[in-house]
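I opened my notebook for a friendly look through one chain. Here is what I looked up, entry by entry.

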Amino acid sequence: MSEATVDRDEEQAIRVLLVSSRDWFASALQAVLEPEGFRCIHMRTEQSVLAEIPVADPDVLIIDEGLPELSAPELCRQALVAGLRPSVPILVYSPNYWHEAEQEEAMQAGAWDVITEPIRSRLLVAKLRRLLHLRRLIESAGESPLADPGTGLYSLAGLIHSLPIVGSLAERSGAPLSCSVVGPTRPGASGEELDRQLKAMATLVEKYTRAADLCAAVGGADVALIAYNASAETAAAIAQRLSEQADVVNGRAPGARA
C-alpha cells in the first residue's frame with residue numbers, strides 16, 4: 001500500500017480519541033474498532049488530551065473512568081472548554097455496574113453514553129455509528145436556516161433551536177408535551193411535486209394546529225408536531241386530522257397510504 005493511500009485512508013477513517021491509562025483496554029478497543037473503519041488515537045494522560053484536542057479534532061471521544069488525575073465527569077467538562085466541539089459524542093467506559101452515581105454524573109457533565117462490561121463488539125460499533133449519525137444531523141441543522149422561506153414552517157434547525165425553550169416552559173408550568181410526525185410525502189416525490197406537498201402541508205398546519213403547537217418540516221413534506229400542554233390523545237387527534245386532510249390534498253381516501 002502506498003504512502004498516499006495510507007494518508008487518504010487515515011483521513012477518511014473516523015477518528016476516535018481514547019483516553020485511558022490502561023493499555024490493555026486501549027488495545028482491546030482498537031481491535032474492535034479499527035477493522036470497522038475507525039482510527040483510534042490513544043492518549044494516557046488527561047493533560048495530553050486537553051492540550052491536543054484542537055489538533056486531534058476527534059469524531060468521537062472515549063474516556064476511561066479510571067484516570068489518575070481527573071474524574072471522567074470533570075474531563076468531560078474540561079474537554080468541552082478546551083475546544084472539543086459540542087456535537088462530538090463523548091462516551092465513558094465505566095466497567096463496574098455499581099458505579100451508577102459516577103455514570104449519572106458523567107452524563108450530566110456531557111457524556112452521551114456509557115460503555116459497560118462486558119463490551120459487546122457489534123453493539124458498540126452500532127452504537128457509535130448511531131451517535132455519529134446524530135452528530136451529522138446536529139451539525140447539518142446548525143448550518144441551516146431556522147425556517148423554510150417558502151412555507152414559514154420551522155426547519156430541523158429551527159426545531160432543535162426551539163425545543164429547549166418549549167421544554168423549559170412546559171417544565172416550569174407542569175404542562176405535558178406530545179410529539180408526532182405526519183407524513184404526506186409520496187414515495188419518490190421530488191422537485192415540483194415535493195414542493196407542492198410541502199406548501200399544502202404548511203397550509204394545513206396553519207389551519208388545523210393550535211398557536212401553541214410547534215411544527216417543523218423534517219424531511220420531504222413530513223411535519224413534526226410538538227403539541228404543547230396536550231395529552232397523548234389530543235396530540236393524536238391533531239395528527240390524525242392533519243393526516244386525513246393531507247390524504248385529501250394528495251387525492252387519496254382519508255387514512256390511505258401509498
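Is R15 buried or exposed? I found R15 buried, because its relative accessible area is 17% and buried means under 20%, with exposed over 50% and partly exposed in between (1.4 Å probe, protein chains only).

**Ground rules.** I am working on a predicted model, where local features need pLDDT of at least 70, side-chain atom pairs count only at pLDDT 80 or more, and totals for chains, interfaces and linings use all residues. Residues are numbered from 1 along each chain as its sequence is written, and side-chain values use heavy atoms, with hydrogens and water left out.

**R15.** I placed R15 in strand β1, residues 14-19. Helices (H or I, at least four residues) and strands (E, at least two) are DSSP runs, numbered from the N terminus. Setting aside neighbours within four places in sequence, I listed R39, I41, A56, D57, P58, D59 and V60 in contact with R15; contact means heavy atoms within 4.5 Å.

**Whole chain.** I counted nine helices and eight strands. Of the 258 residues, 40% are buried. I also looked at contacts between residues at least 6 apart in sequence: 64% of them join residues at least 24 apart. The chain exposes about 13800 Å², and carbon and sulfur atoms supply 54% of that; the areas come from the Shrake-Rupley method with a 1.4 Å probe, and for residues only the protein chains shown count as cover.

**I115.** I found I115 in strand β5, residues 113-115. Its relative accessibility is 5%, so I115 counts as buried. Beyond its neighbours within four places, I115 is in contact with I62, L91, V92, Y93, S94, P95 and L124. I checked P95 separately: P95 and I115 are 20 residues apart in sequence, yet 7.2 Å apart C-alpha to C-alpha.

**The open sheet.** I traced three strands in the order β6-β8-β7, with antiparallel pairing; two strands pair if DSSP finds at least two bridges between them. β6 (177-182) and β7 (214-217) are the edge strands, each pairing on one side only. From one strand to the next, the twist averages 15°. Helix α7 (residues 156-173) packs on this sheet, touching β6, β7 and β8, and its direction makes about 15° with that of β8. Axes here are lines fitted to C-alpha atoms, for helices over the stretch in contact, and angles run from 0 to 180 degrees between N-to-C directions.

**β7 up close.** Four bridges join β7 to β8 (residues 223-228) in the antiparallel sense. I noted C215 opposite L225 and A216 opposite A224. In a regular strand the side chains alternate between the two faces of the sheet. For β7 I found both faces covered: L214 and A216 on one side, C215 and A217 on the other, all buried.

**Surface patch.** Which residues form a nonpolar patch on the surface? I listed L134, L137, L156, I160, V181 and V218, with about 420 Å² of accessible area together. The elements giving two or more residues to this patch are α6 (121-142) and α7. V218 sits in the loop between β7 and β8, and I logged V218 as partly exposed because its relative accessibility is 31%. Patch members need over 30% relative accessible area and no salt bridge: like charges are joined within 9 Å, and nonpolar side chains (Val, Leu, Ile, Met, Phe, Trp, Tyr) within 5 Å. A salt bridge is a side-chain nitrogen of Lys or Arg within 4 Å of a carboxyl oxygen of Asp or Glu.
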